[in-house]
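Let's look at a protein together and ask a few friendly questions about its build. Please take a moment with the sequence and the 3D view first.

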Amino acid sequence: MSDFPKFVEFREEGPREGFQIEKKIYPIEERIELIDMLSETGLKRIQVGSFVSPKYVPQMADTGELFQRIKRKPGVNYTSLWLNDKGFRKALTAHEVDIDPRLLFYPSEAFAQSNNNCSSAEMREKQRDWVRLYKEEGYTVDAAYVMTAFGCNFEGAIPQERILDDFRFIIELCKDEQIPLPILVIADTMGWGNPEAVKRMIGALRDMAPEARIGMHIHDTRGLGIANLHAALSMGVDMFESSVAGLGGCPFAGHGHARAAGNVCTEDAVFLCHELGIETGIDLDKLIAAAVKAEEIIAAPLMGRVMHTGGLDKYRKAS
């Protein structure tokens, strides 16, 4: 039996995750325009960029300038990603970054080495230091991510128990540090999930932490993004990270085709929610306009569907 939430929060990642995987570095003016358009859609959280090594991710080298030049809309949080203490310090000193402290876990040893240049165990232990660092700066952990939650292009299928073990660690860490349990985010980083696996994972996590809010970071790498999102909705999940026009993908995930590595498409997901009677607070038409702008910037067809067809309201009104 479905247990759809009444309201779903979408956290937009396109400006960061969308452009980090592209080989070309797109003009900052065009990315600013996209972010400003997204600010007008009703989205409450937009990930502008990341504070990571410009040697490995040159597409994000101008993130500090992006934060200086975007037009901020009241009520919208403009966030960033970091993968280590140094990146967090950069975010703290950059211009008006809305800090959303997060914890990161890698059940895939190969992906830990590829994305963070450390072992899974090392990254896990670093999270203790991150919690304390956040405390020192006056922040509470917002979300904790377990990546490659269904499988890894380097290691193959990831057993559910290995994922749940990281979530157990998170729960115990929060108890030890006496901090509230953050949003527990199941991240299908490489697009291995399917609807039944998604429901099994959410069910097992709810049994483990019935009081926790669960979120999902879904990639549409193999075309199951919306199906997986629907499965999560049916289990009551009410927070999703997504990318306008289906942009995105991790450049260190071993994808065969970068464009197909994208996140679940924000406007397609919002359309689904609205069709199911679930509120999002998002203006779909404005979001579609932003998706079209993203496609103009990339200058190649993007993976979103609703951006190319529009919603159904105009047809309903016509009839």
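Q: Which residue does F10 stand opposite in β10?
A: This is a predicted model, where local features need pLDDT of at least 70, side-chain atom pairs count only at pLDDT 80 or more, and totals for chains, interfaces and linings use all residues. Residues are numbered from 1 along each chain as its sequence is written, and side-chain values use heavy atoms, with hydrogens and water left out. Strands are DSSP runs of E with at least two residues, numbered from the N terminus. In strand β10, the residue opposite F10 is F240.

Q: In which sense do β1 and β10 pair?
A: Two strands pair if DSSP finds at least two bridges between them. Strand β10 covers residues 239-242, and with β1 it forms 4 bridges. The sense of this pairing is parallel.

Q: Are the residues on the two faces of β1 buried or exposed?
A: In a regular strand the side chains alternate between the two faces of the sheet. In β1 (residues 9-12), E9 and R11 lie on one side, with F10 and E12 on the other. Buried means under 20% relative accessible area, exposed over 50%, partly exposed in between (1.4 Å probe, protein chains only). Both faces are covered, and these four residues are all buried.

Q: What percentage of the residues in the protein is buried?
A: The protein has 319 residues, and the same cut-off for burial applies to each. The buried share is 58%.

Q: What is the radius of gyration of the protein?
A: The value is taken over C-alpha atoms, and the globule rule is 2.2 Å times the number of residues to the power 0.38. With 319 residues, a compact globule would come near 20 Å, so the protein agrees with its 18 Å.
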